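Welcome! Let us take a friendly walk through this protein and its ligand, starting with a question and then stepping back.

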Amino acid sequence: MKEMINIALPKGRLGEKVYDMLERAGYGCPSIKENNRKLIFEDEKNGVRYFWVKPSDVTIYVEHGAADVGVVGKDILLEYSPDVYELLDLKLGKCRMAVAGYKGANKNSDRTLRVATKFPNIAGRYFDSLSREINIIKLNGSIELAPILGMSDVIVDIVETGTTLRENNLSVLEEIVDISARFISNKASFRFKNAAIEKMCERLTEELGSKDANK
Ligand code: PRP
């Protein structure tokens with residue numbers, strides 16, 4: 001029987017783009033496009049089994065080996081440092097991690113800066129590197145509300161188009177790091193299914209190359 005590669009895809013728009021890229025690379029699984037509530041899709045001919053998972057859970061499936069490979073934002077890798085191999089930058093889902101707030105909100109360095117974020121480790125490391133004292137307020141979403149309500153001075157968050165900030169009169173104050181989707185692998189799978197995973201990397205790299213060529 002053909003060896004199957006289990007692939008964890010992040011639910012949502014990014015996951016769909018990633019699937020399209022995998023399909024172009026030769027890992028199609030037509031049943032995935034059917035509009036139903038199924039969570040697992042298999043294509044024996046192409047040797048792939050896909051799962052849709054919550055984006056922030058992709059690394060958990062891959063770390064546990066329930067998925068051999070997966071696709072996750074660099075933000076999640078930087079925040080949680082999961083024990084996986086990062087194999088490729090898929091150049092999709094590009095955005096930035098930034099400090100944002102009302103203009104000048106980051107300037108007064110005499111007092112502890114109040115930082116609201118979903119990414120306490122990234123924020124902590126960044127302000128440590130500047131030797132800046134901060135208090136972190138951990139939130140799970142709608143981070144932009146914190147400075148508007150006066151709960152924090154700034155936020156550390158993902159900025160993609162900048163629309164959310166603009167519509168709330170906030171701006172990027174400092175850039176921390178560029179983010180994009182990464183192809184990751186479980187460490188044991190990388191050893192035991194090496195040929196198949198390497199092949200997948202090669203085909204994805206070719207796909208990335210042809211995309212660059214079409215720019
Ligand atoms: C993310 C992020 C910003 C927004 C940035 O939120 O936290 O709020 O997208 O995108 P933009 O620059 O294109 O406006 P998400 O939609 O994931 O929701 P959340 O508020 O639940 O984090």
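Predicted model: local features only at pLDDT ≥ 70, side-chain atom pairs only at ≥ 80, totals over all residues.

Ser142 has a polar backbone atom 2.8 Å from an oxygen atom of the ligand. Thr161 uses its side chain instead: an N or O atom there is 2.5 Å from an oxygen atom of the ligand. How much of the ligand does the protein bury? Taken alone, the ligand exposes 500 Å², and 64% of that is buried by the protein.

Now zoom out to the whole protein. You can look for 8 helices and 11 strands, in a C-alpha trace that spans about 65 × 35 × 30 Å along its principal axes. Of the 215 residues, 45% are buried. The accessible surface comes to about 11,600 Å², and carbon and sulfur atoms supply 48% of it.

For a closer look at one strand, go to β1, residues 5-10, where you will find Asn6. Is Asn6 buried or exposed? Its relative accessibility is 11%, and because buried means under 20%, Asn6 counts as buried. The side chain of Asn6 makes a polar contact of 2.6 Å with the side chain of Arg49. Beyond its sequence neighbours within four places, Asn6 is in contact with several residues, including Phe51, Ala66, Asp68 and Lys193.

Our last stop is helix α1, residues 13-24. With 12 residues at 1.5 Å a residue, α1 should span 16 Å, and its end C-alpha atoms are 17 Å apart, which agrees. The buried residues of α1 are Gly15, Val18, Tyr19, Met21 and Leu22. Why do these buried residues line one face of the helix? Seen down the axis of α1, they fall within an arc of 160 degrees, so they sit along one face. After α1 comes Gly26, with a positive phi near 105 degrees.

Technical notes. Residues numbered from 1 in each chain as written. Heavy atoms only, no water. Helix = DSSP H or I, 4+ residues; strand = E, 2+ residues; numbered from the N terminus. Expected span 1.5 Å × (residues − 1). Buried < 20%, exposed > 50% of the residue type's maximum accessible area, 1.4 Å probe, protein only. Arc of directions from axis to C-beta. Polar contact = N/O pair within 3.5 Å; in protein donor to acceptor, adjacent residues only side chain to side chain. Contact = heavy atoms within 4.5 Å. Areas by Shrake-Rupley, 256 points an atom, 1.4 Å probe, with all protein chains shown as cover.
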